[in-house]
Amino acid sequence: MNLNFNQSLAANYKSPSQIIRVLSESWVANQSYCPNCSAEPLTEFANNQPVADFYCTNCSEEYELKSKKANLSNIINDGSYDTMIERINSEDNPSFFFLTYSQEYRVNNFLIIPKQFFKPDMIIKRKPLSVTAKRAGWVGCNIDLRKVPESGKVFLVKDQQVIPRDNVTEQFQKTLFLRKQSTASRGWTLDVWQCIDRLDANFFLNQVYAFADLLKLKHPENNHIPDKIRQQLQVLRDRGIIEFLGRGHYRKLY
């Protein structure tokens with residue numbers, strides 16, 4: 001995988017946003033592959049596709065690309081808030097590629113967050129544009145990557161180091177079970193998973209119970225938070241995300 005952009009492709013462009021769009025999309029089309037099935041190359045959708053930028057002809061997985069200069073941050077700028085919420089609640093929402101690049105137009109980080117990890121509370125509504133703006137009243141959004149469990153951040157390139165392809169596809173496929181869950185069930189699984197992320201590799205049930213108040217704020221309709229925690233730990237155990245060691249003792253497998 002060549003991490004350098006082909007800068008000659010942008011010779012006829014002046015706008016910085018157009019330049020990086022052309023360079024980054026060309027790089028993904030020529031250097032990347034499908035994290036789900038490992039097939040290559042990815043195919044670009046026609047321009048102005050409203051949902052995604054790329055798709056895999058082998059498994060039909062769809063991807064949208066977000067590119068940014070400098071370091072990978074936890075907050076990613078996106079487009080319309082209402083559109084984003086509608087998309088992540090739909091059946092055909094894409095997974096997201098996030099790409100960061102250096103001043104020399106070299107890829108620093110390239111990761112995918114599979115679509116099953118997106119939920120409404122990670123989409124932050126921005127203030128409406130002022131009445132003097134060309135699109136007065138328009139409301140954009142940011143994507144908060146802090147809401148994504150670490151296993152949901154699948155790096156193909158990390159700090160300019162290419163990750164072995166087998167590792168990428170294994171990590172991607174390990175979380176596909178989330179797609180089979182209802183929206184409510186998936187929300188619970190991801191919320192408990194986030195709590196586990198904040199603990200050491202080996203942890204105990206009572207440490208997860210300590211997040212009960214936080215989980216109650218997210219799920220005020222549920223009056224049986226400890227029961228729900230145990231249920232989700234079992235889900236994560238059955239899917240090979242954590243291991244049960246006995247007597248309320250667990251170990252992360254990621």
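This is a predicted model: local features need pLDDT of at least 70, side-chain atom pairs count only at pLDDT 80 or more; totals for chains, interfaces and linings use all residues.
Visitor: How many aromatic pairs does the structure hold?
Guide: The structure holds 13 aromatic pairs. Rings of Phe, Tyr and Trp (its six-membered ring) pair if their centres lie within 6.5 Å.

Visitor: Why is the pair of Tyr63 and Phe97 called stacked?
Guide: Planes under 30 degrees apart count as stacked, over 60 as edge-to-face and the rest as tilted. The centres of Tyr63 and Phe97 are 4.8 Å apart, with 20 degrees between the planes. That is under 30 degrees, so the pair is stacked.

Visitor: Where in the chain do Tyr63 and Phe97 lie?
Guide: Tyr63 is in strand S3 (residues 62-69) and Phe97 is in strand S5 (residues 95-101). The two are 34 residues apart, so the pair links distant parts of the chain. Strands (E, at least two residues) and helices (H or I, at least four) are DSSP runs, numbered from the N terminus.

Visitor: Are Tyr63 and Phe97 buried or exposed?
Guide: Buried means under 20% relative accessible area, exposed over 50%, partly exposed in between (1.4 Å probe, protein chains only). Tyr63 has 0% relative accessibility, so Tyr63 counts as buried. Phe97 also has 0%, so Phe97 is buried.

Visitor: What makes the pair of Phe244 and Tyr250 tilted?
Guide: Its planes are 50 degrees apart, and its centres 5.1 Å. Phe244 is partly exposed because its relative accessibility is 41%, while Tyr250, at 10%, is buried.

Visitor: How do you know that a charge sits over the ring of Tyr33?
Guide: NZ of Lys or CZ of Arg must be within 6 Å of the ring centre and within 35 degrees of the ring normal. The charged end of Arg165 sits over the ring of Tyr33, 4.0 Å from its centre. Likewise, the charged end of Lys158 sits over the ring of Phe155, 4.8 Å from its centre.

Visitor: Which residues touch the most other members of the largest nonpolar core?
Guide: Phe98, Phe118, Ile123, Ile143 and Leu233 do, out of 40 residues in that core. Helix H4 (183-197) is among the elements that give two or more residues. H4 gives the most, with six. A nonpolar core is a set of buried Ala, Val, Leu, Ile, Met, Phe, Trp, Tyr and Cys residues joined through side-chain atoms within 4.5 Å. Nonpolar side chains tend to be buried together in soluble globular proteins.

Visitor: Why is Gln103 called exposed, but Asp227 partly exposed?
Guide: Gln103 has 62% relative accessibility, which is over 50%, so Gln103 is exposed. Gln103 is found in the loop between S5 and S6. Asp227, at 40%, falls in between, so Asp227 is partly exposed. Asp227 has its place in helix H7.

Key. Residues are numbered from 1 along each chain as its sequence is written. Side-chain values use heavy atoms; hydrogens and water are left out.
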